[in-house]
Amino acid sequence: MIDTALFIAIGALGLAQILAMIRLVIGPHTGDRILALDTMVINAIGLIILLGLYLGTQIYFESALIFAMLGFVSTVALARFVLRGDIIE
């Protein structure tokens with residue numbers, strides 16, 4: 001039963017990842033592209049966690065945590081670059 005739920009969740013997150021990638025490519029504004037990139041990071045974190053649940057190992061949870069920190073920092077850096085033209089003042 002849990003395997004079926006995991007496969008459905010992986011399929012839903014995979015579809016969300018594809019749709020966010022489409023928004024990243026055809027987004028009309030820069031803000032749309034930044035938001036799509038952040039959504040892709042969140043979807044990737046979800047996929048990593050679901051993979052860790054399926055395989056039953058804890059290393060995937062630690063990698064998801066590191067990926068979440070890097071995703072947050074990269075989103076903030078990209079938004080600051082778009083708004084101000086530089087990342088570090």
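Predicted model: local features only at pLDDT ≥ 70, side-chain atom pairs only at ≥ 80, totals over all residues.
Start by selecting residues 2-26, which form helix H1. H1 has 25 residues and reaches 36 Å from its first C-alpha to its last, close to the 36 Å expected at 1.5 Å a residue.

Stay on H1 and show the side chains of Leu6, Gln17 and Ala20, the buried residues of this helix.

Is Ile26 buried or exposed? Its relative accessible area is 55%, and exposed means over 50%, so Ile26 is exposed.

Move on to helix H3, residues 59-84, and pick out Thr75. Thr75 counts as buried because its relative accessibility is 14%, and the cut-off is under 20%. Which residues does Thr75 touch, leaving aside its neighbours within four places in sequence? Show Ile34 and Asp38: Thr75 is in contact with both.

Finally, colour the spans taken from the record. UniProt, in an unreviewed entry, places the feature "transmembrane region" at residues 6-26, 35-57 and 63-83. In the model, residues 35-57 are 91% helix and 0% strand, with end C-alpha atoms 31 Å apart. Residues 63-83 are 100% helix and 0% strand, and the end C-alpha atoms of that span lie 30 Å apart.

How values were computed
Residues numbered from 1 in each chain as written. Heavy atoms only, no water. Helix = DSSP H or I, 4+ residues; strand = E, 2+ residues; numbered from the N terminus. Buried < 20%, exposed > 50% of the residue type's maximum accessible area, 1.4 Å probe, protein only. UniProt positions renumbered as here; feature names shortened; annotations may be inferred. Expected span 1.5 Å × (residues − 1). Contact = heavy atoms within 4.5 Å.
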